[in-house]
Amino acid sequence: MSDQAISTPNAVSIRAISKTYQSGFQALKTVDLDIRRGEIFALLGPNGAGKTTLISIVCGIVRPSGGAVLVDGHDVQRDYRVTRSKIGLVPQELSTDAFETVWASVRFSRGLFGRERNDDHIEKVLRDLSLWDKKDAKIMTLSGGMKRRVLIAKALAHEPSILFLDEPTAGVDVELRHDMWEMVRKLRETGVTVILTTHYIEEAEEMADRVGVITRGELILVEEKDVLMRKLGKKQLSITLQTPMQALPEGLDASGLALADDGATLIYTFDTQGEDTGIAELLRKLAERGVDFKDLHTLESSLEDIFVSLVRGAP
Ligand SMILES: Nc1ncnc2c1ncn2[C@@H]1O[C@H](COP(=O)(O)OP(=O)(O)OP(=O)(O)O)[C@@H](O)[C@H]1O
């Protein structure tokens, strides 16, 4: 460790980072964010929100206009070599190495960071990623899914403690997506901190411990995923009527109840946090007014609904 390291429990500390590109475009306003050691953090945001810019700054590839980033307590600009060696970056696509074997390509990645040769580690990484039987295959002969695994193997070759995954499952099939999730979880068990950017809300919902939402260069929310879903999640009860109606009957036009456009469904929205959902009362009132229904079911808002409403509501 450099003696300039600051003791911190965080894998990454982002302090008042801003970025204005030479074109004059402000890609990041003032971003503050701490990534805890050993967590899986999902950075969600629409196209052009600033995700890649932020990650590139943490990796030391893009210079910020203001602010500082610490990786394991080291400043990414002052201590670039130290911080970069702690980070594994998995890009979206493999652009080189087509004619190399898997083994040579992954071993080369380790050498880039000035690490001593360690074939045992390379073997472990390849085995963990189910690539061992492909170690002598040329990369160009691999399937798309295997190429993705090679990207992860290359990023892990130098034993980083922080792994950035940029859209890890963009364009892959469902099965591979689930395999990738499993792999990421296993990595976390070995103590690696994982930061992923994604457009797939389902991915964040499935994997992340915490979620950050970035839009127009601003981090508008950082929250434990479970808390986020509890806090912002709403449940709806959908009641399919026996006979469609024109308007809500007298005494039923209370807050939370709405008649869907087709007039055949009542939608009752209630707070998942509330002690009393009000459902029993609602059903009693419907019975009193002779409103018959065919079916009842509840819907829960997903992280996707929450995300869309957050990004829409952002200034
Ligand atoms: N080198 C550059 N010069 C000028 N503007 C740039 C440059 N790089 C990125 N931008 C702009 O900064 C904004 C943020 O881009 P960034 O790539 O960080 O977004 P993103 O959230 O990663 O998007 P995506 O999900 O589409 O990858 C975009 O409007 C982009 O056009």
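The model is predicted: local features need pLDDT of at least 70, side-chain atom pairs count only at pLDDT 80 or more, and totals for chains, interfaces and linings use all residues. Numbering starts from 1 along each chain as its sequence is written.

**Exercise 1.** State the strand order of the open sheet, and find which strands stand at the edges.

Solution. Strands are DSSP runs of E, at least two residues, numbered from the N terminus. Two strands pair if DSSP finds at least two bridges between them. The open sheet has six strands, ordered 6-7-8-3-9-10, with mixed pairing. Strand 6 (87-90) and strand 10 (218-224) each have a single partner strand, so one side of each lacks a neighbour in the sheet.

**Exercise 2.** Describe how strand 3 is joined to strand 9.

Solution. Strand 3 (residues 40-44) and strand 9 (residues 210-215) run parallel, joined by four bridges. Within this pair, alanine 42 stands opposite valine 211.

**Exercise 3.** Find which strands helix 5 lies across.

Solution. Helices are DSSP runs of H or I, at least four residues. Helix 5 (residues 144-156) lies across strand 6 and strand 7. Helix 5 runs at about 165° to strand 6. Axes are lines fitted to C-alpha atoms, for helices over the stretch in contact; angles run from 0 to 180 degrees between N-to-C directions.

**Exercise 4.** List contacts of alanine 153.

Solution. Contact means C-beta atoms, placed from the backbone, within 7 Å. Leaving aside neighbours within four places in sequence, alanine 153 touches Val106, Val125, Leu126, Leu129 and Leu131.

Notes: Two residues are in contact if their C-beta atoms, placed from the backbone, lie within 7 Å.
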